[in-house]
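Q: Hey, could you walk me through the pockets in this one? I'd like to know what lines them.

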Amino acid sequence: MALTAAIILAAGEGTRMRSSTPKVLHTFAGKTFLERVMASVEALKPETTAVVVRYQAERVAQAARDVDEQVCIVNQDEIPGTGRAVQCAMAQLQQQASLEGSVLIAASDMPLLDTDTLSQLLEFHKNSGDSATVLTTILDDPTGYGRIIRDSEGDVLGIVEQKDANKNELAVHEVNTSVYVFEAQVLADAIAHLDSDNAQHEFYLTDALKAAKQYGRVGAFAAPDPLSVEGVNDRVQLSAMERAYNTRVCERWMRAGVSILDPSTTWIEDDVEISADATILPGSFLKGHTTIGEYAVVGPYTTLIDATIDAGATVERSRVQETHIGKNANIGPWTYLRPGNDLGEGTKAGAFVEMKKAHIGNGTKVPHLSYVGDSTLGEHTNIGGGSITANYDGVHKHHTTIGSNVHVGAGNLFVAPVTVGDDVTTGAGSVIRHDVPDDCMVYSTNDQHVVEHWRPHTND
């Protein structure tokens, strides 16, 4: 159904998080709470989206603009409460345009609030013809939530906050999720006369439902999935919710044909894509826009961030960021691939190898204990252990190019900028400072001196 406006409440500090970061900017599966809620709401295509800010207002406002540069930012004044937040939002929205139709209100501390649940809520509101509809859920332990109070016919009488509830009301397990749909004019009138006569001395938005009843029935739609509307108040809740959600994510990938040996130690963010017949070993963290091809093996104890792993590649005990790894490549263990690498088919980056902005040709191997930065290596080249491309002169980064079919001896140092041609062999311990043409052997010597019968001086 058409949605005239969406108001997202993001003004609170979230004191129980015990953090200098506003609660809505904490992350869940790789995205902030605010980003996730805004994405779910904006998929409904509201005519206007308003985000209400107060605590660290500019920081939260900028985060909202990063999601949608057209978002309407509303600054809540020092009067506390969700009711006051909506008063401020409606005042600003009504100055910009005449509001007609439905207005969605959502809290931004529900990281799993999804578009499908919101769509069902809007459809329920439209079909019921209610003046207002509240999204509810049933919890085994409703502690901390406002209780939904219904009459004998099941109609919503109101919402009672935990601190204001009596014994009978506290026994209710249907709770408010802090998501509502109001008809615009009903909302404007309902919030006009809110007061702070309650235990927390705040302007409760829930009180607006009582006022809305004079315009018609107030309805309630129960979310099909309680996890989708669960709020986060502290880090204990956040951890539990992340665990429950990640279990579902792992189960979804396993049912799609991915082998995950230990879901309890495997963490997969939302934008990750994994092909069938890939294997994820314990202790793996798959983050950002990572893509994993079929028959690839990731882990154990591997972190991939915005990485592309082609079919058949193996990445073991490594950290890989913004890097493409080609088919049947072999990475690790203990390899660190910093951003900007492109490793071809059948390549190897072995134990304790670090790379940055390296382009590695098909079949080339960097087996162990080496650093390759700002470099291009041709095909079927072998880099001896302990070799380094010295790319930084203290001011600027420089490029190293090593051709195809090159055999680099152990402990080589390439002082960039330098180019080594094809079919070159370098001696162990060489320092390559100047360009080397094709089909050469190159080595550098350093005189060895032996001092016989030498002993270190002591203070005795």
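Predicted model: local features only at pLDDT ≥ 70, side-chain atom pairs only at ≥ 80, totals over all residues.

Q: Nice. What's the volume of that second largest pocket?

A: The second largest pocket comes to about 380 Å³. Its lining has 17 residues, and Arg36, Leu112, Asp114, Tyr245 and Asp270 are the closest to the centre.

Q: And which helices give two or more residues to that lining?

A: Those would be helix H1 (33–42) and helix H8 (235–255).

Q: How does the lining of the second largest pocket split by class?

A: You get eight charged, seven nonpolar and two polar residues there.

Q: OK, switching over. What volume does the largest pocket have?

A: The largest pocket has a volume of about 1,400 Å³. It is lined by 41 residues, with Arg16, Lys23, Thr82, Asp109 and Asn233 the closest to its centre.

Q: Which elements give two or more residues to the lining of the largest pocket?

A: Helix H3 (82–96) and strand S10 (174–183) do. The largest share comes from S10, which gives four residues.

Q: Last one: how many residues of the largest pocket's lining are nonpolar, polar and charged?

A: In the lining of the largest pocket, 17 residues are polar, 15 are nonpolar and nine are charged.

Q: Great, thanks!

Methods. Residues numbered from 1 in each chain as written. Heavy atoms only, no water. 1 Å grid on protein atoms, 1.4 Å probe; cavity = no way out; pocket = protein on both sides within 12 Å on 5 of 7 lines; lining within 4 Å. Points joined across faces, edges and corners; volume = space filled by probe spheres on them. Nonpolar A, V, L, I, M, F, W, Y, C, P; charged D, E, K, R; others polar.
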